[in-house]
Amino acid sequence: MTTIERATTERRTARAPKRKSVASTRGWSALFLSPAIIIIGVFILIPMVMTVWISFHEWSMFTPITDMTWVGLENYSGVFTDGTRVQALGNTAMYVVLSIVITVPFALLIALLLYFPKLKGKGLVRTLLFATYVIPTIAIVIIWSNIYAPGYGPLSTMVAAVGIEPPGWLSDPNWALVSLVIFNVWQMLGYYVILLIAGLTQINEELYEAARIDGAGFIRQTWSITIPLLRPSLIFVVLMTFINSIQVFDPIYLLTQGGPANSTSMVSFEIQRTAFQYGMAGQSSALAVSLFLMIIAVGAVLGIVMKGRATR
């Protein structure tokens, strides 16, 4: 055997255990991941595929699934022609826009106040803010239903004390949606504040020191350093606010049931009502798929914006 042949044989012999080790590692990885994959497939992927399939059919949930009738895109056209669903889309859009416009600036302001100034008890304030996010929604709903209560509720009492006739917070079509937005802002604000504070910790302190040496004040530092470098976190918070707002269901179901006069009926609530109250599985599935596509579209746009900013 020549020297070259001997060296080649030795290399092959040395690679064999490595290949066996890699194959063994992949096998064990697949074994340990298989329970999670099975659960995801059974409870997420299969229902998603079934929802898309049902959305192309006319089917009442009160009849056997074998009674489904193919209708093509008819259910999807109904999303934009049925008056109740169009109103639900409009309410959802208004709810999402108000939630983003109010929540994101407030979260940024509170995050800046908690991160930069030398305030005592900042850790306690952060904990209290985040507590509103982890408290069960049903408990928060009970509290806010009393806050919004007409006559004896704290909010109505304070408004009446300054000589203003308090509106029906949850019973007036002009105020019900706004009241739900206030509820959402209060519940989710702490979560977004924590996210933005985490983003602030990634900014190099030397930039602020250099800015202070050049005579830049807090506002100038915020506008020229903090906001540009915090943009990825802000975009993420906007995306999370959008997703959480467009999927809102619990407050509507527990506080207003879509009323009054469908003024708080949103797409997520309309999906539940169409399916489980009216039994129209095809139309409900079309609404669910449309909602999913809207989330994907907005997420993709924000992802492109974030990627574009990061490459500059």
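At what angle do the axes of helix 9 and helix 10 cross? Select residues 231-246, which form helix 10, together with residues 218-229, which form helix 9. The two axes come within 4 Å and cross at roughly 55°. Axes here are lines fitted to C-alpha atoms, for helices over the stretch in contact, and angles run from 0 to 180 degrees between N-to-C directions. Helices (H or I, at least four residues) and strands (E, at least two) are DSSP runs, numbered from the N terminus.

The structure is a predicted model, in which local features need pLDDT of at least 70, side-chain atom pairs count only at pLDDT 80 or more, and totals for chains, interfaces and linings use all residues. Residues are numbered from 1 along each chain as its sequence is written, and side-chain values use heavy atoms, with hydrogens and water left out.

**First stop: helix 9 and its two partners**

The crossing at roughly 55° makes helix 9 oblique to helix 10. Angles under 35 degrees count as roughly parallel, over 145 as roughly antiparallel, 65 to 115 as roughly perpendicular and the rest as oblique. Show the side chains of I227, P228 and L229 in helix 9, which meet R231, P232 and L234 in helix 10; contact means heavy atoms within 4.5 Å. Five residues of this contact are nonpolar, none is polar and one is charged. In this classification, Ala, Val, Leu, Ile, Met, Phe, Trp, Tyr, Cys and Pro count as nonpolar, Asp, Glu, Lys and Arg as charged, and the others, Gly among them, as polar.

From helix 8, L207, Y208, A211 and R212 make the contact, and from helix 9, Q221, I225, T226 and L229. These residues comprise five nonpolar, two polar and one charged.

**Second stop: helix 4 against helix 7**

Select helix 4 (residues 122-134) and helix 7 (176-200). Their axes come within 6 Å and cross at roughly 130°, which makes helix 4 oblique to helix 7. On helix 4, display R126, L129, F130, T132 and Y133; they meet W186, Q187, M188, G190, Y191, V193, I194 and I197 in helix 7. The contact contains nine nonpolar, three polar and one charged residues.

Keep helix 7 in view. Which residues line the second largest pocket? They are Y95, T137, F183, N184, Q187, M188, N244, Q247, V248, F249, D250 and P251. The largest share of this lining, four residues, comes from helix 7, and helix 11 (250-256) also gives two or more. The pocket holds about 200 Å³ of space. On a 1 Å grid over the protein atoms alone, a pocket is an open set of points where a 1.4 Å probe fits, with protein on both sides within 12 Å along at least five of seven lines; lining residues have an atom within 4 Å of a point. Grid points are joined across faces, edges and corners, and a volume is the space filled by probe spheres set on the points.

Move to the loop between helix 11 and helix 12, where Q257 lies. Although Q257 is not a glycine, its phi is positive, at about 55°. P260 is found in this loop too, and a cis peptide bond with omega of about -5° joins G259 and P260. Most residues other than glycine have a negative phi, and most peptide bonds are trans.

**Last stop: the largest pocket**

Finally, select T51, S285, A288, V289 and F292, the closest to the centre of the largest pocket among its 21 lining residues. Its volume is about 480 Å³. Helix 1 (3-54), helix 12 (267-277) and helix 13 (281-310) each supply at least two lining residues, and helix 13 gives the most, with nine. The lining has 15 nonpolar, six polar and no charged residues.
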